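Welcome! Please take a moment to look over the sequence and the model, and then read the notes with both in view.

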Amino acid sequence: MSHCMVTLSANAGVSLVLGQTRVWIDVLHNQKTAGFSSLSPFQWACLKEHPAFVPPHMICFTHCHPDHYDRGLVQESLSLWPQVKLILPEPAFERQILLTQSFTSLRFLGVDFQFFRLPHAGTARAHISHYGLLAAQNNFHILIAGDCTIAAAELKEILNSRIIDLAILNFPWLTLPQGRAFLREVIRPRHLLICHLPFSEDDLFGYRKAAKRAIQELPECTDLRLLQAPFQSEII
């Protein structure tokens, strides 16, 4: 029995399908950053017809950096799917849920969501309004940490021995020793999806090769998959 399906848009953008509920997380961005990928106009056109993405029931963002969020694409999405629930950590739209508290929980279409403030990686970005997310349905628990500082004490406190069935994390959690240690000792996911990898044509710095090489350094995770192609889907 499958618990969910995860489908990549680009970078850390994923559609999370739980039963009949589709949740977009950091899906909508089109500004390229050196060494990373973004939605091309062609991919955006394909996404709007893709069964793993439409119709979206919730669109949310861990933060509003341009490699995770584009206001124009969000506005177009609201026009296409006016009933969608929008959740953002910065005020941008009249009808959105604005994340401002350290911890916000809600239940939506049979899924429990918990958003919690986490530090963004890099001291120069410590002021960024940035959130992680836990989603749970039928006792299956999913963690998305966004661009959280690797091995952040704040994340350890939030998890506090929780059982994590699926973690969707940026590649430095796999490639850096402190990230792997945190995975072994704190998160201990049954399934691990690694994201924020560039597509092959954008991989200027060898992140894809580094991630593939690092898999052997984490034998404790018996189900570890790399999200690295547009519209790649993984069933858990």
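The notes below go from the whole chain to single residues.

This is a predicted model, in which local features need pLDDT of at least 70 and side-chain atom pairs count only at pLDDT 80 or more, while totals for chains, interfaces and linings use all residues. Residues are numbered from 1 along each chain as its sequence is written, and side-chain values use heavy atoms, with hydrogens and water left out.

**The chain as a whole**

- The protein chain holds 6 helices and 14 strands; these are DSSP runs numbered from the N terminus, with helices being H or I of at least four residues and strands E of at least two.
- Its radius of gyration is 16 Å, close to the 18 Å that the globule rule gives for 236 residues, so the chain is as compact as a globular protein of that length. The radius is taken over C-alpha atoms, and the rule is 2.2 Å times the number of residues to the power 0.38.
- Along the principal axes, the C-alpha trace spans about 45 × 45 × 40 Å.
- Of the 236 residues, 57% are buried (under 20% relative accessible area; exposed is over 50%, and partly exposed is in between, with a 1.4 Å probe and protein chains only).
- Among contacts with a separation of 6 or more, 62% are between residues 24 or more positions apart; a contact means heavy atoms within 4.5 Å.

**The seven-stranded sheet**

- An open sheet of 7 strands runs in the order β6-β5-β4-β3-β2-β1-β14, with mixed pairing. Two strands pair if DSSP finds at least two bridges between them.
- At the edges are β6 (97–98) and β14 (233–235), each of which pairs on one side only.
- Strand β1 (residues 5–8) is antiparallel to β2 (residues 14–18), and 4 bridges join them. On its other pairing, β1 meets β14, also in the antiparallel sense, over 3 bridges.
- Methionine 5 stands opposite valine 17 in β2, and its bridge partner in β14 is isoleucine 235.

**Asparagine 11, in the hairpin turn**

- The hairpin of β1 and β2 has 5 residues between its strands, and asparagine 11 in the turn has a positive phi of about 55 degrees.
- Is asparagine 11 buried or exposed? Asparagine 11 is buried, with a relative accessible area of 0%.
- A polar atom of the asparagine 11 side chain lies 3.3 Å from the backbone oxygen of aspartate 67.
- Beyond its neighbours within four places in sequence, asparagine 11 has contacts that include His29, Phe36, Cys195 and Leu197.

**Helix α6**

- In α6 (residues 207–214), the buried residues are Arg208, Ala211 and Ala214.
- Seen down the axis of α6, these fall within an arc of 130 degrees, so they line one face of the helix. The arc is that of the directions from the helix axis to the C-beta atoms.
- Their cover includes α4 (172–175), α5 (177–187) and β13 (224–226).

**Backbone details to look for**

- Most residues other than glycine have a negative phi, and most peptide bonds are trans.
- Aspartate 26 has a positive phi near 55 degrees. This residue sits in the loop between β3 (21–25) and α1 and counts as buried at 2% relative accessibility.
- Alanine 151 has a positive phi near 60 degrees. This alanine is in the loop between β10 (140–144) and α3 (153–159) and is partly exposed, at 30% relative accessible area.
- Valine 54 and proline 55 are joined by a cis peptide bond with omega about -5 degrees, and proline 55 lies in the loop between α1 (41–47) and β4 (58–60).

Technical notes
Polar contact = N/O pair within 3.5 Å; in protein donor to acceptor, adjacent residues only side chain to side chain.
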